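I opened the structure to look up a few points on packing and strand pairing. My entries follow in the order in which I made them.

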Amino acid sequence: MTARCAIVAAAMLLGCSCKAFVLPPAGWQKTAHNNVLQNSLDDGDRISSQLQRTINTLVTAAALFTTALTSPVNIHVNTNEPAITIEKSQAYALNENQLFISDVWFKVTTQYFDQSFNGLGESGWRAKEKEAFQAVEDTGPDDDELVVDAIKTMLSALGDPYTRFLPKEKYEVLTAYATGGTGKAGIGVQLLEDPRTKNVVVMATTNSGPAASAGVHLGDVILKINGEDMTGASAEVVAAKCRGEQGQKVDIAFLRKDENGNAGTEYLKSITRAQVKVNPIQTQMFTTESGKRVGLLKVPSFSTETVKEMVNGLRTISDDGKLDAIAIDIRGNVGGYMPAGVEAANLFLPARAHIIAEVDKSGAIKGYDADGIGAETSTPLYLLVDGRTASAAEIFAGALQDNQRAVVVGSKTFGKGRIQNVQPLENGSGLAITRARYITPKGRDLHGVGIIPNKETSQCESADSARTCLSNIV
């Protein structure tokens, strides 16, 4: 905003009448008073002291008006006193850290699906922003930790673990996970934090990737990386420490449990980092005890590459000869890129079948229906799930179950029925905001509930083969 515009705006704010306006010469003495601006300005030496006081008032108000653009300022004009009074708590310019918090607060405010803000209301949610401002009022550019703590405290008031601040490393992990890449070179593993032990466990390894080639197995626990203890570290932190420059070695200490799940053998591997895909789909053929030939697709996560890989996988198993059934293993699949779950369901449903409906902050419903183009709608279909099947994987499973297109086998799924926007912030970090909830074709909200399999079985744990899961079923 220019100085002229700011002063004119201030004049409007103060209720002044301004038919013609000329800026005063530089170097004028100014005093504060609220008065009416004259239509024209005479020579400087003949300007009345009253007009000088008026100019001063407008310039002062212009500065305050400009400040109000970045911080709410309550201005009171007292006609009985010569000065403008301002609430002290808000009469200051925001520092860089406060501006950063303001940006986070604004993004959440305009996108969050619950416009009651967890019952706080607009004023209560605004108060959380002010509290965060106060927490970083005296901070500088080196106080990142205090700023992050203030943001986390502010967001925690929403009571939503999925609306969260993402440090740079975590943001890079999530965006790489959604796009099917790793960003930096890695070792080719999918990691998950065990909620019981808080250990980070290898959930899957990439075929022919560095970890698989080194003999790392599903279920192995990561204990140390380059000698640094990983006890208490999140899966994102461990994943970030596994990544680095292509060709560099990383020394990782693992714990391999015995067949009964008890603590077994610790071992150390020196693994060379390489560029790998984190979530390729694996295919396999097997014959059940009843003699049925089953084509298996193992889908460890949903990314922008998933549907293309599923199509290729379906072609692979179809080319292997007679096919009595298709099994899709989404055990341990914690989701990822939500649209991929919708598009994957589209591969198996007839035209106009409902897949999912989003419900946004205003209550508006947006439905997603199948187009039926090239869909595989006839071969018997089985989905293998467990307690770690979540988010986009539940969208996929819920759509096929509600449309009676697939038989769901295993144990109850995780139950994440919320959809997030993940977006970058200016310093390289990120922000995840819950923007909507979703319901299945039959109107089920799976959040906190999960999907109950059509065939519940204790023979379909993560270490059990797909053949074991489908024993006595196919």
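This is a predicted model: local features need pLDDT of at least 70, side-chain atom pairs count only at pLDDT 80 or more; totals for chains, interfaces and linings use all residues.

I placed Thr 109 in helix 3, which covers residues 96-111. Is Thr 109 buried or exposed? Its relative accessible area is 19%, and Thr 109 therefore counts as buried, the cut-off being under 20%. I also noted that a polar atom of the Thr 109 side chain lies 2.7 Å from the backbone oxygen of Trp 105.

I then turned to the nonpolar cores. The largest has 39 residues, and those touching the most other members are Met 310, Ile 328, Phe 348, Leu 383 and Phe 396. Among the elements that give two or more residues to this core are helix 9 (306-318), strand 12 (325-329) and strand 15 (381-385). Helix 11 gives the most, with seven residues. For Ile 328, setting aside neighbours within four places in sequence, I listed contacts including Leu 297, Val 299, Met 310, Phe 348 and Phe 396. I recorded a second, separate core of 23 residues, which includes Ala 132, Leu 155, Phe 165 and Ile 433.

My last entry concerns a hairpin. Strand 10 (residues 282-287) pairs with strand 11 (residues 293-298) in the antiparallel sense, over six bridges. I found Thr 287 opposite Arg 293 of strand 11. Five residues lie between the two strands of this hairpin, and Gly 291 in the turn has a positive phi of about 90 degrees.

Technical notes: Residues are numbered from 1 along each chain as its sequence is written. Side-chain values use heavy atoms; hydrogens and water are left out. A nonpolar core is a set of buried Ala, Val, Leu, Ile, Met, Phe, Trp, Tyr and Cys residues joined through side-chain atoms within 4.5 Å. Buried means under 20% relative accessible area, exposed over 50%, partly exposed in between (1.4 Å probe, protein chains only). Helices (H or I, at least four residues) and strands (E, at least two) are DSSP runs, numbered from the N terminus. Contact means heavy atoms within 4.5 Å. A polar contact is a pair of N or O atoms within 3.5 Å; within protein, one must be able to donate a hydrogen and the other to accept it, and residues adjacent in sequence count only if both atoms are side-chain atoms. Two strands pair if DSSP finds at least two bridges between them.
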